[in-house]
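Dear colleague,

Please find below the structure that I am handing over to you.

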Amino acid sequence: MSGAQLGVIGSLALSVASSVAIVICNKALISFLGFPFATTLTSWHLMVTFFTLHMAQKLHFFEPKPIDSQTVVLFGLLNGTSIGLLNLSLGFNSIGFYQMTKLAIIPFTVLLETIFLKKKFSESIKLSLLVLLLGVGIASVTDLNLNLLGSILSLLAIATTCVGQILTNTIQKRLKVSSTQLLYQSAPYQSAVLFATGPFVDQLLTNKSVFTHAYTYPVVGFIILSCLIAVSVNFSTFLVIGTTSPVTYQVLGHLKTCLVLSFGYTLLHDPFTERNIVGILIAIFGMALYSYFSVKENKKKSIEDSLPVSQKWQFQKKKNIYFKLKRQTRQNEWLGSDTTSTLCCQRHLVH
């Protein structure tokens with residue numbers, strides 16, 4: 001196994017572990033300690049992430065790389081806005097419809113990458129994604145109460161999230177910056193958007209003010225713990241999207257959903273039905289299919305990329321001839337069956 005593959009596996013494992021940990025921590029903070037200000041808490045997460053990376057940069061753990069200021073500002077504002085819109089979507093929709101919103105991010109990402117980046121997804125990958133979405137939908141979607149404002153907020157949340165994640169991957173590859181460098185540059189702007197709007201969004205959703213909340217020692221302790229875990233979450237998010245793709249990151253996100261449902265039942269004794277179990281098993285099967293087909297296609301691509309230019313041209317030529325012959329065979333079969341049916345009709349008329 002190469003160092004690059006180990007790096008990808010490590011980033012995926014870090015993302016899963018830190019995301020599940022922060023969900024459990026925030027569940028305790030919001031449900032048991034009565035701190036419902038999710039958007040404001042996210043702004044604190046990003047601020048702590050920036051200061052942690054700033055200290056790491058001062059200690060020479062990584063070298064900052066200048067990125068075009070307009071790109072960074074727009075990227076940071078877009079990501080900050082998408083987080084706020086997802087929270088508003090949850091506030092103005094039922095939990096079932098919010099889960100559908102999250103499920104819709106994968107097909108929208110595939111659509112946008114196909115149209116604007118000319119990226120091709122094989123039928124095998126599409127099928128595995130369909131199985132995955134079906135499983136997560138069965139496990140997590142309970143009701144689909146619709147309202148106009150909630151639907152608009154969900155559409156905006158889907159659009160901004162998809163574009164933000166595609167840009168995370170595109171900026172890292174085109175500008176040759178690392179996930180750490182991009183997060184370090186953009187975190188202040190993401191934090192600023194949420195820091196300015198978070199208290200108003202939270203008050204709108206909860207009818208409570210973050211400024212008048214009683215900050216007991218347990219609340220402050222869990223807020224600090226949540227912010228520390230968030231450093232790992234934010235770092236691993238950029239790392240996974242940069243080393244894999246936005247679609248893979250979303251697939252990983254649904255694995256986290258299944259794990260959170262399982263942990264909720266095991267640790268917190270949340271209600272768990274046969275439908276949840278069936279949905280999780282289908283989702284895991286879909287993830288396994290996606291992993292298998294992704295690895296298979298990446299190996300095939302790496303073999304093609306390693307070929308000399310002349311062999312690569314010959315390989316592409318043979319592939320084009322193969323698909324051309326396949327299309328012609330299908331056309332001949334269709335014409336043959338059509339001719340046969342015509343002759344049968346003529347014979348029937350003669351008899």
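Predicted model: local features only at pLDDT ≥ 70, side-chain atom pairs only at ≥ 80, totals over all residues.

Residues are numbered from 1 along each chain as its sequence is written, and side-chain values use heavy atoms, with hydrogens and water left out.

Overall fold

The chain holds 11 helices and 0 strands; helices (H or I, at least four residues) and strands (E, at least two) are DSSP runs, numbered from the N terminus. Of the 351 residues in the chain, 40% are buried, where buried means under 20% relative accessible area, exposed over 50% and partly exposed in between, with a 1.4 Å probe and protein chains only. Contact means heavy atoms within 4.5 Å. Among contacts between residues at least 6 apart in sequence, 86% join residues at least 24 apart.

Axes are lines fitted to C-alpha atoms, for helices over the stretch in contact, and angles run from 0 to 180 degrees between N-to-C directions. The axes of helix 4 (residues 95-116) and helix 6 come within 9 Å and cross at roughly 45 degrees. Helix 4 is therefore oblique to helix 6; angles under 35 degrees count as roughly parallel, over 145 as roughly antiparallel, 65 to 115 as roughly perpendicular and the rest as oblique. Their crossing is right-handed: a crossing is left-handed if the near helix is turned anticlockwise from the far one by less than a right angle, and right-handed if clockwise. Residues making this contact include Phe97, Thr101, Phe108 and Leu112 of helix 4, and Gly150, Ser154, Cys162 and Ile166 of helix 6.

Two of these residues may be examined individually. Gly150, in helix 6, counts as buried because its relative accessibility is 0%. Not counting residues up to four places away in sequence, Gly150 touches Phe92, Asn93 and Phe97. Gly150 and Tyr98 are 52 residues apart in sequence, and their C-alpha atoms are 9.1 Å apart in space. Leu112, in helix 4, has a relative accessibility of 21% and so counts as partly exposed. With residues up to four places away again not counted, Leu112 touches Leu117, Cys162, Val163 and Ile166.

Aromatic pairs

Rings of Phe, Tyr and Trp (its six-membered ring) pair if their centres lie within 6.5 Å; planes under 30 degrees apart count as stacked, over 60 as edge-to-face and the rest as tilted. By this rule there are 8 aromatic pairs. Phe35 and Phe37 have ring centres 5.0 Å apart and planes at 85 degrees, so their pair is edge-to-face. Both Phe35 and Phe37 are buried. Phe75 and Phe238 also form an edge-to-face pair, at 6.0 Å centre to centre with 90 degrees between the planes. This pair links distant parts of the chain, with Phe75 in helix 3 (residues 69-92) and Phe238 in helix 8 (residues 217-243), 163 residues apart. Phe75 is buried at a relative accessible area of 1%, and Phe238 is buried at 7%. Ring pairs also link Phe35, Phe37, Trp44 and Tyr215 into a cluster.

Thr160 lies in helix 6 (residues 148-174) and is buried, with a relative accessible area of 13%. The side chain of Thr160 reaches the backbone oxygen of Leu156 at 2.9 Å, and a polar atom of that side chain lies 3.2 Å from the backbone oxygen of Ala157. Leaving aside neighbours within four places in sequence, Thr160 is in contact with Leu78, Ser82 and Leu85. Thr248, found in helix 9 (residues 246-267), counts as buried at 17% relative accessibility. The side chains of Thr248 and Ser245 are joined by a polar contact of 3.0 Å.

With kind regards

Terms used. Polar contact = N/O pair within 3.5 Å; in protein donor to acceptor, adjacent residues only side chain to side chain.
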